[in-house]
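Please look through the structure shown here with the following explanation beside it.

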Amino acid sequence: MRCFIGIDLGSTTTKAVVMDDTCRVMGRGITNSRSNYDTAAAVAKQEALIDTRLTLFRNSLSAFPTLAGKVDDILADIERNFRHVQYLEKLEDLEQTCLENTGTPRLADVRAVARGVIATVFTRLREDSGDLFAPGVARKSDFFRDLAGGGFMHAAEAACKDAGLSFDLILNVYDKSIIAVENREPTATMESTFLRALEKSGAAGGGPEVAQVLKDTLAVPLEESYVVGTGYGRVRLPFPKEHIRSEILCHGLGAHMMFPGTRTVLDIGGQDTKGIQVDPNGIVENFQMNDRCAAGCGRYLGYIADEMSMGLHELGPMALKATKQVRINSTCTVFAGAELRNRLALGEKREDILAGLHRAIILRAISILSRAGGVQDEFTFTGGVAKNGAAVKELRALIKENYGDVTINIDPDSIYTGALGGATFAVRAVTQ
Amino acid sequence: MTVAVKEPSMLLQKEMIAGNYDAITSAHETGRKVSSTFVPGNLNELLMCFGILNNLPEINAIQNGMRRLSGDYIMEAEKGGHSEDVCTYVKADIGMMGRGNIAPNGKPFPEPDVLLLSYTGCYTFMKWFELLRAEYKCPTLMLHVPYEGDGHSTPNMIDYVVKQLKEVIIPGLEEVSGVKFDIDRLREILALSAKAEDDLVWCLETGKHKPSPIDAYFGGVYYIGPIFTAFRGTEEAVDYYTALRQEVKARLDAGQGPTLPDGSVLTDQKYRLVVEGPPNWTSFREFWQMFADEGAVVVASSYTKVGGMYDLGFRHDPADPLRSLAEYCLGCYTNRNLPSRVDILAQYVEDYEADGLLVNSIKSCNSFSAGQLMIMREVERRTGKPGAFIETDLVDPRYFSPANVKNRLESYFQMIDQKRRGANKAA
Amino acid sequence: MDMPVSKAGVIARRCESIVDDLSFQAARDWKAAEPGRKVVGFLPVYVPMELIHAAGCLPLGLFGGGDRIEVIHGDAYYQSYICRIPRSTIELGVTGRLDFVDGLLFPFVCDVIRNLSGMWKVMFPDVWTKFFDTPQNFDPEIGGTYYTHELRELRADLERLTGRDITDAALRASIALYNENRRLVRAVYDARAAEPWKAPAADVYVVMRAGLMMPVEEHNALLADYLAALDIEDRPRKDNVRVAIFGSFCEQPPLALLKSIEMAGCYVVEDDYSLVNRFITEDVATDGDPLAALSTAYLRHSVETSCKYVPNEADKGRFHVERVKQTGAEGVIYAAPSFCDPALLDRPMICGRLSDAGIPNMSFKYAENSGQMQPIREQAGAFADSIKLWS
């Protein structure tokens, strides 16, 4: 299959989308943007390709009338096993790396003991992994570091105690090793991992015929026909220039792909806010971004959350509980904390202040839209802040007030907008 | 650091500027008087009549910006109580005084004998020289040039400026210099000004060609150098512009673009822009390179009109010297009202067949910046071509964010590209 | 929670409601009362209201949107490093709140207000819009002649707007009314300087600001009432220090800021808030050529402020020092709006002269929508304490 891939290297997360040559979305992947952009891009792409495999499986399985209604379960089982196998492979890599890292002079006297401890710990982690990836278990994170880290600490502390070894020494080895493992691509190919997963899941009980089809599907090569990179970190991507598109263009086209009637796009991301006008083909006609001052961007809410010792995702729900709205004058991130404390000191309620803060952010966004030429029907809202109910509520009210009845589109997966646009550019680059 | 490759005219200009700095810093030995004054409404011809040297604090700030000294100077001034909110030319100048007032040739500037407060198109000029006056306690001559609020000068405005020239500026300069004013001498000088102005306009208008043999913004700041500063009205300036014209003509005949700082020639011009606003000086080459890397050439700019709008037909006129100086001061770009600025820029986009208007909004300069978003919107509306907006500062290195500027420029150029492709397909 | 409202308090509350009214209902009502009436707005810092009045128009002071307006479209026109008054003024315009204003004057304050005049021409082409440039040369023969001509042009423009001639007699009558207004305004300032505890800063402020939004005849009557009410005002006298406020001539602070300064232990005995009605410091002659009289008043008898050139270096800041002495202020708070070029560029010079004269001074920045008063209270409080400690 020819794969057209868009990668959006954002300031906090990196997203990838895989399309086929008819602009159908086959897979999506996301990872946190780390200091190493190359790896972030590679991991997001890998995740999107895994998702693509699952889509292909789904397509193959849907040909079996006998499996009607069971496909979701089968795929969930395959993915669960895939993640488990992948986890075990990474554990293997981490163990080897840890063992190599016991070679330092610091551990000269206790090397054998340390190696023993590491072996014990990893045996334990492998044993525990069955529970971690058991059906129906919700994992707190999808990142290897989060999954392996907690278990490692727990097991290593006990093992060190038994062996009479300083826990700090082992911790050092771990820290050094996990960074190396995270920043390199998986040793095994995705296909081999899937093969192991299929064996493990017993092809999900569909019989030999199904197993064969899944294997055949796995044999379909995923050719990377064209990759387009975008996002704030795009200049860091190891791509030739013609494979790089600005996030404005990708956002405009991505919004058009999600909602073909889109004429105006608002994207509120962590670092910037963009107002974009697109034509009926998703071609950008005009855009404006927040000026040098980042007031009113997503980061502002992050800052407020820190000030209030709350999670970012708790802000919106709390603001929705407000019975009135406190007028917030400063959208300056630097002053926000002081203004917030001032309001609290005056006896205002947290939810009322938060409602005011959400309005302040959206007012800034409306100004940027106004700068970019206003709002036309249909209007599509993307970015992290589009998931915040309080912000969306304010936006709806202000759009109605200023621009009348306009269709407002919000896609729950709007985080992929830029990557979606990138992938579409990739298709167009080859087919047009 | 690599040495920037320059066109021969740039080297000639460099010598001229160095010569002027040497004349200024040796004023004590030569006994010549020195004035400080501003680029817009610069009365160089008048100063020449009295043999007074012309030192321009704006140009000093630019020199210090390009030589990466301005950042320290600005912080020095801010330590001294100047607000972070205000013009960085002023702070770079005041900070330089605090650090010994050293000219680019390494010698100290003499104290000015007169501050010629030619007050045209920028509010800050008034405060700037009030601040310098407090330091130097020297005679200060205010020439108030009214703003063209209704888009044109009136007889009352011209009379007012002429009267100030006659009764304030000329007597004041006579007193400082001890030289009697000779209007025939002024006529001779103005004739030389007009000659150089003809050649400058010819060069600037070559931006209409494809490819353009000049960059009318980054290259343009070199081209306007002599005529905007201490050389208008001199034989040197006439020679410079003759040479410049030949140089540009040679490129035009050869179908060649301008030389870039890295020595390459920008002949493959993918984007043609009109630029509004002054450039950033602390990262001037980097800034220029961002355009060049994308194949963008600036075909016309407003910054090259701050010291006079010669392309709209104005010439210094020996037949009516004082009135001509008054009209010159009144007609500088930033002394024109916003509807006029919209007209001028929209006309440039049409006449120079540009892809659109790019605004470089300068934090320091409210005279330029306040209202630029409306200007951009209006020019877009009238020309149907998209505008772009970036933000930098004149000489404050803290206010130049390369990633930010580059991101916007790329987005803009890609948008133009995409629109062109869309248009081709539709056609 | 307030004490029983006094007569002075009643007047101040009425004025506050006028100042606070972003729909300008009082001015709308004035216009609707008679067919053909016109309203001519003006921005800070000075216009000859006499001419507008003599034209039969209502001069309407527009000093931004304060902290009560949400700026949406105004922000679309301005970068983050530009002050707030032009944003809120644009917001007032695009939201239709000024749709009854027939003409708008933009006096010379700075490049931002100057450029706003041109923006208004583009954005509101049906409104008569004029940039009003006062001379920076104060020689009667040079600046005076120029200015008299400019006033003549302004008169002709107003005549075109209304379709009626402005006679010299009408203009002299208007000058007389405004002379009366200026005398009353000075009397209120003097009364406050004498007994500042009777006249809270925020009250005097709204009494002055509201006066720029109503017919001068009405304001004169109101000021006379207010003076009489101040006489019988009974408020406790606090151990506050007496301060003058400078730097606030264009963008206006929120009322909360004035109140915070007082709460922090300062009586405001002098200020340059909405300067218009104190810009001319003496009576304008009511005989002879009225335009020449207005011109002479500007050249000879007007305040020193940042948007006026001071021809002699020695005179810089002299006005401020003298006002401090005349009003018995013990210190100066130089409060400039953020990004205000005139006030901030002047600050080192003015504060330098105050310090030279031994006058304690401090400075801070504000915006018309400043929301945090705690830092202001702390700074003003520390300033008041330091003055008490050293005096």
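This is a predicted model: local features need pLDDT of at least 70, side-chain atom pairs count only at pLDDT 80 or more; totals for chains, interfaces and linings use all residues.

Residues are numbered from 1 along each chain as its sequence is written, chains are lettered from A in the order in which they are written, and side-chain values use heavy atoms, without hydrogens and water.

Strand β1 of chain A covers residues 2-9; strands are DSSP runs of E with at least two residues, numbered from the N terminus. Seven of the eight residues of β1(A) are buried, that is, under 20% relative accessible area with a 1.4 Å probe, protein chains only. Two strands pair if DSSP finds at least two bridges between them. β1(A) runs parallel to β4(A), residues 223-230, with seven bridges, and A:Phe4 stands opposite A:Tyr226 there. With β2(A), residues 13-19, β1(A) runs antiparallel through six bridges. In that pairing A:Gly6 faces A:Val17, and a hairpin of three residues joins β1(A) to β2(A).

Between chain B and chain C, the contact (heavy atoms within 4.5 Å) takes 56 residues from chain B and 55 residues from chain C. Seven salt bridges are counted between these chains, each a side-chain nitrogen of Lys or Arg within 4 Å of a carboxyl oxygen of Asp or Glu. One of them links B:Glu130 to C:Lys316, with the closest N and O atoms 2.5 Å apart.

Note on methods. Buried means under 20% relative accessible area, exposed over 50%, partly exposed in between (1.4 Å probe, protein chains only). Helices (H or I, at least four residues) and strands (E, at least two) are DSSP runs, numbered from the N terminus.
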